[in-house]
Amino acid sequence: MHWLWVLIIGAIIGAIAGAITSKGKSMGWIANIVAGLVGSSIGEAILGSWGPQLAGMAIIPSIIGAVIVVVVSFFLSRSTR
């Protein structure tokens, strides 16, 4: 049951990051989950695990990390076209 919450919170974090950057509008729900989970790992590794937590993920550092992941993936996908 914990993994289900992790996936749901990861998708929400990825969707928030896409909305903040306005570059994630074309991302699907799988990309939102991946951006949220990878962004959570990166954000917590860089910024630590401070602030409120859901499903074991610190929300604020996770969103910041997901924004970084969305921006980097947008520029990488744009440069390969």
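The legends below accompany several views of one predicted protein model.

**View 1. Overall fold of the protein chain.** In this predicted model, the protein chain holds three helices and two strands, and read from the N terminus the elements follow the order α-α-β-β-α. The radius of gyration is 12 Å, close to the 12 Å that the globule rule gives for 81 residues, so the chain is as compact as a globular protein of that length. Taken along the principal axes, the box filled by the C-alpha atoms is roughly 35 × 25 × 15 Å.

**View 2. The largest nonpolar core.** Twelve residues form this core, namely Val6, Ile9, Ile13, Ala17, Ala35, Met57, Ile59, Ile63, Ala66, Val67, Val69 and Val70. Helix H1 (2-21) and helix H3 (59-79) each supply at least two residues of the core, and H3 gives the most to it, with six residues. In soluble globular proteins, nonpolar side chains tend to be buried together.

**View 3. Surroundings of Ala66.** Ala66 is one of the residues of the largest nonpolar core, and, once its neighbours within four places in sequence are left aside, Ala66 is in contact with Ile13, Ala17, Ala35, Gly36 and Gly39.

Notes: Residues are numbered from 1 along each chain as its sequence is written. This is a predicted model: local features need pLDDT of at least 70, side-chain atom pairs count only at pLDDT 80 or more; totals for chains, interfaces and linings use all residues. Side-chain values use heavy atoms; hydrogens and water are left out. A nonpolar core is a set of buried Ala, Val, Leu, Ile, Met, Phe, Trp, Tyr and Cys residues joined through side-chain atoms within 4.5 Å. Buried means under 20% relative accessible area, exposed over 50%, partly exposed in between (1.4 Å probe, protein chains only). Helices (H or I, at least four residues) and strands (E, at least two) are DSSP runs, numbered from the N terminus. Contact means heavy atoms within 4.5 Å. The radius of gyration is taken over C-alpha atoms; the globule rule is 2.2 Å times the number of residues to the power 0.38.
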